[in-house]
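Please read these notes with the structure open beside you. They go through it point by point.

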Amino acid sequence: MLRAAAIAERAGVPSVSIVTTPFMQQAGVVSKGVGLPTLPIAEYPGVPMTDGSDAVAKKVEALLPQLVAGLAGARDAARTTVAEPGPRDVVHRGTLDEIQEHFHRNLWSDGLPVIPPTLARIERFLSHTQRAPSDVIGHLLPENRAATVWSIAVNGVMAGCRPEYMPVLVAIVEAIAEPIFRVEDAGSTPGWEPLVIVSGPIASRLDLNHGQGVMRVGRQANTTLGRFLRLYLRNVAGLRIPPGAGDKGSIAGSFNVALAEDESAAAELGWSTFGADQGFTREDSVVTVQSVVSISAPIYSAGTHALDHVRILAEVFGGACGYWSSIGMKYARWEPLLVLGPSIARVIAEDGWSKDALRRYLHEHVSITARQAETYALQVGATSYTLEAHVKAGVLPATYAASSDPGRPVPVVRAAEKIGILIAGDPGRNQSKGT
């Protein structure tokens, strides 16, 4: 909303953005990021979704003086800048403990100890890329700060990465700098947490774990790659928890460790790898970054036939996706990921199922009612959400408005090809997980 207001202001159209009290600090961060730190804002006190209709009416009426003042007030469109250290500036000298305290005070740390990014360490990282240190990968919202190769190396050092991880670090930032990724949404209230997926030969070269404990902190590559992304979102994009306040995740989780696939298991089954599913070959090294709003409970399934497993997967994986699917249905990039345990994938494949067959089954059998979709959307503030309106707007296929029956089932995922499938985990157990 504030970005739309900034566009209007630059076009000479006065605006006032209504922002609830809990979002006022974040609004200040976004206003500075769009270059209009004095963007007029009217503060709605409290949480409207938990206010009764009478309370909302009174509070909205009380906003009128702020709205009038904002529309009539003078504008200062000048961008204010805060002096930041130059790339080679020494920001602090002292003992290791003193350096840690300095980084904590300046909100440059994620709360864990960091490796001091000395010039010598940074240079070792830069030796693993042909990109110039000053190269700008993109600009990351909400603070609209330039994502440079130098800053990637700095945060890679701080996260505890090895210098040889640098090509993966650059690829991670290239992914999140793409506008379609919507990096600014990583600081929204659901507390979305990005997941790095590494495919191809580089996963083996860097010794990423794809087996037992694959999503657990412990292997250096998996852990530090995941930590790097969280640090980079904090230090460059500006997604900090209070007192920084760029990150509004209500009850968010910690960072995800990077995920790699058991590609040898996929090859044995004659299945394509996750990287190949993205349009690459098995010889290509690929980095994917996916936003994760929830992770399912461990999904245990047993049996010697594919249906024994896929029925359970549809029930539990589908349940984990269902609540947020009402919002995800609006976006073409709503792509849930199923991490299949190798033993489960083997039963499904040996029963004659391809990955595409599994996707089709999940698409056809994972559904919620139209009433649920619209009710769930209402809970997160989409007060005018209807499936019919989205079908008329061309956002959803016609099948989502096949009838007016509120009890009709609608697919949780818009299309079968949107479901990602990856083999990883303990080959000695019968567990899968969905994200």
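**Notes on the model**

1. The buried residues of α14 pack against α11 (263-269), α13 (306-328), β9 (337-340), α15 (355-365), β12 (420-423) and β13 (431-434). Here a contact means heavy atoms within 4.5 Å, and buried means under 20% relative accessible area, exposed over 50%, and partly exposed in between (1.4 Å probe, protein chains only). Helices (H or I, at least four residues) and strands (E, at least two) are DSSP runs, numbered from the N terminus.

2. This is a predicted model, in which local features need pLDDT of at least 70 and side-chain atom pairs count only at pLDDT 80 or more, while totals for chains, interfaces and linings use all residues. Residues are numbered from 1 along each chain as its sequence is written, and side-chain values use heavy atoms, with hydrogens and water left out.

3. How many residues of α14 are buried? Helix α14 covers residues 342-350, and seven of its nine residues are buried. They are P342, S343, I344, A345, V347, I348 and A349. After the helix comes G352, with a positive phi near 95 degrees.

4. Next, the sheet beside this helix. Four strands make up an open sheet with mixed pairing, in the order β8-β13-β9-β12; two strands pair if DSSP finds at least two bridges between them. At the edges are β8 (299-300) and β12, each of which pairs on one side only. Helix α14 packs on the sheet and touches β9, β12 and β13; its direction makes about 95 degrees with that of β9. Axes are lines fitted to C-alpha atoms, for helices over the stretch in contact, and angles run from 0 to 180 degrees between N-to-C directions.

5. The pairing of β8 with β13 is antiparallel and has two bridges. Y300 has Q431 of β13 as its bridge partner. As background, strands of a sheet pair through backbone hydrogen bonds, either parallel or antiparallel.

6. There is also an open sheet of three strands, in the order β6-β5-β7, again with mixed pairing. Its edge strands are β6 (259-260) and β7; each has a single partner strand, so one side of each has no neighbour in the sheet. Between β5 and β7 the pairing is antiparallel, over seven bridges, and V196 has V289 of β7 as its bridge partner.

7. Which helices lie across β5 and β7? One is α8, which runs at about 50 degrees to β7. Another is α10, which runs at about 140 degrees to β5.

8. Helix α7 (residues 149-159) meets helix α8 (residues 166-177): their axes come within 10 Å and cross at roughly 120 degrees. The two are therefore oblique to each other; angles under 35 degrees count as roughly parallel, over 145 as roughly antiparallel, 65 to 115 as roughly perpendicular and the rest as oblique. In this contact, V149, I152, A153 and G156 of α7 meet M166, L169, V170 and V173 of α8. By class there are seven nonpolar residues, one polar and no charged. Ala, Val, Leu, Ile, Met, Phe, Trp, Tyr, Cys and Pro count as nonpolar, Asp, Glu, Lys and Arg as charged, and the others, Gly among them, as polar.

9. Helix α7 also packs with helix α10 (residues 220-237), at an angle of about 125 degrees and with the axes 9 Å apart. This pair is therefore oblique as well. The residues of α7 in this contact are S151, I152, N155, G156, M158 and A159, and those of α10 are T224, R227, F228, L231, Y232, N235 and V236. Seven of these residues are nonpolar, five polar and one charged.

10. Some backbone details are worth checking in the loops. L141 and P142 are joined by a cis peptide bond, with omega about 10 degrees; P142 is in the loop between β3 (136-140) and β4 (145-148). R182 is not a glycine, yet its phi is positive, near 55 degrees. R182 lies in the loop between α8 and β5 (193-199) and is partly exposed, at 39% relative accessible area.

11. D207, also not a glycine, has a positive phi of about 65 degrees. D207 is in the loop between α9 (201-205) and α10, and its 45% relative accessibility makes it partly exposed.
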